[in-house]
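Please keep the sequence and the structure in view while reading.

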Amino acid sequence: MSSINDSRCVLVTGATSGIGRALAIAISELPSHPKVIGTGRRPDRLKELETAGLEVISLDLDVDAKSLTRNVRGIIQKYPDLDTIILNAGFQREFDFLNNDVDIDSTSHDSPTLNDKVHRNLFAVLYREAQLNYLSVMAFIVATLPHFKELAAAGRPCMVVNVTSGLCVVPATHLSNYTASKAALHSMTMSLQSQFQGTNIHFIEVVPPLVESELHDFEGTTERLSNFWMPLDQYIPLTLKGLQKGEPHVSCGAAAFAFEKFEKKKYELAIKKALPTAPTPDFKPVTRGQWFLSETSLKGGWGWKK
Ligand SMILES: NC(=O)c1ccc[n+]([C@@H]2O[C@H](COP(=O)([O-])OP(=O)(O)OC[C@H]3O[C@@H](n4cnc5c(N)ncnc54)[C@H](OP(=O)(O)O)[C@@H]3O)[C@@H](O)[C@H]2O)c1
């Protein structure tokens with residue numbers, strides 16, 4: 001268990017609006033006064049953050065893994081104290097697979113059709129949403145881990161905070177690809193929590209419910225959703241409290257309800273490295289040995305029984 005109160009240098013991706021911006025500012029105002037680095041692409045928003053006293057870095061995460069790794073290494077070189085990363089940047093698009101077909105002539109990933117409301121280029125939007133919400137997060141973690149391992153070996157706790165969504169528990173089917181990308185990150189976070197337990201590198205999952213932000217502007221649903229989203233001034237203090245307590249899942253509202261109801265048991269099994277086992281009519285044990293599932297086998301998990 002680690003607390004954001006112990007962090008000395010915190011980097012927040014997607015800090016130019018919504019949850020990321022409010023969280024980055026709130027963390028910079030903690031009594032421990034950690035250095036906070038906000039990243040994003042919009043220069044005017046980065047300037048605003050700088051004026052508020054944060055360090056800022058212009059960082060596009062929708063790039064190949066090599067470029068991202070190079071950028072992350074540059075950040076670590078500039079901020080060797082970096083001990084906490086909050087991987088928050090994300091975007092979402094609606095998908096209607098029933099009524100849209102891919103335009104095979106425009107499947108380039110470089111196509112600017114992220115702003116194409118009809119999503120004629122389904123592939124480009126699919127790939128880029130998965131890239132930003134899942135692959136870029138993993139690339140960022142992989143590039144940061146050697147540095148965190150060094151800090152952790154020297155006794156410094158480090159935190160990796162992945163921002164998923166309540167929708168990773170129960171999909172909003174019109175946001176199918178977004179939901180799937182968040183479910184992938186949720187699953188990966190559980191595995192990382194399990195792999196790194198007992199170490200000084202702490203993986204935390206922030207699972208927001210519907211929250212005030214600019215995420216829904218593109219789809220034109222902001223006005224409608226603002227009738228029932230959680231305002232940032234309610235959401236941020238709850239999230240900050242969870243990060244201060246070092247909870248493995250920081251959630252509230254409907255997302256916390258869904259998580260508690262459907263995910264808690266899964267999480268407990270993952271942490272114990274114990275896959276669920278149940279006798280079924282179609283299960284035929286192997287005669288000269290069998291795979292078995294156990295909480296007590298080597299490190300827990302799958303084992304081979306002679
Ligand atoms: N708001 C909700 O209801 C809700 C619910 C569940 C989960 N979430 C998650 O919470 C996180 C924050 O979202 P939000 O609601 O605060 O949305 P938001 O206001 O739209 O903020 C998204 C942030 O991501 C950054 N971003 C987008 N594309 C980027 C790219 N290619 N490279 C680098 N940065 C990029 C944006 O900055 P630039 O445009 O300046 O690059 C912006 O700062 C997301 O992961 C979202 O999925 C939100």
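Helices H5 and H8 are oblique to each other, because their angle is neither under 35 degrees (roughly parallel), nor over 145 (roughly antiparallel), nor 65 to 115 (roughly perpendicular). The model is a predicted one, in which local features need pLDDT of at least 70 and side-chain atom pairs count only at pLDDT 80 or more, while totals for chains, interfaces and linings use all residues. Residues are numbered from 1 along each chain as its sequence is written.

**H5 and H8**
- H5 (residues 176–195) packs against H8 (residues 253–271) at about 40 degrees, and their axes, lines fitted to C-alpha atoms over the stretch in contact, are 8 Å apart.
- Met190, Ser191, Gln193 and Ser194 of H5 are in contact with Tyr267, Ala270 and Ile271 of H8, where contact is defined as C-beta atoms, placed from the backbone, within 7 Å.

**Along H8**
- H8 has a kink of about 60 degrees centred on Glu263, the bend being the angle between axes fitted to the seven residues ending there and the seven starting there.
- Ala255, Phe259 and Glu263 are the buried residues of H8, buried being defined as 20 or more other C-beta atoms within 10 Å of the residue's own.
- The cover over these buried residues includes strand E6 (201–207) and strand E7 (249–251).
- Just after H8, Lys273 takes a positive phi of about 55 degrees.

**H1 and H7**
- H1 (residues 18–28) and H7 (residues 232–245) pack at about 55 degrees, with axes 10 Å apart.
- That angle makes H1 oblique to H7.
- Ala22, Leu23 and Ala26 of H1 meet Leu232, Ile236, Thr239 and Leu240 of H7.

Notes. Axes fitted to C-alpha atoms, helices over the stretch in contact; angles between N-to-C directions. Helix = DSSP H or I, 4+ residues; strand = E, 2+ residues; numbered from the N terminus. Contact = placed C-beta atoms within 7 Å. Buried ≥ 20, exposed ≤ 12 C-beta atoms within 10 Å, placed from the backbone.
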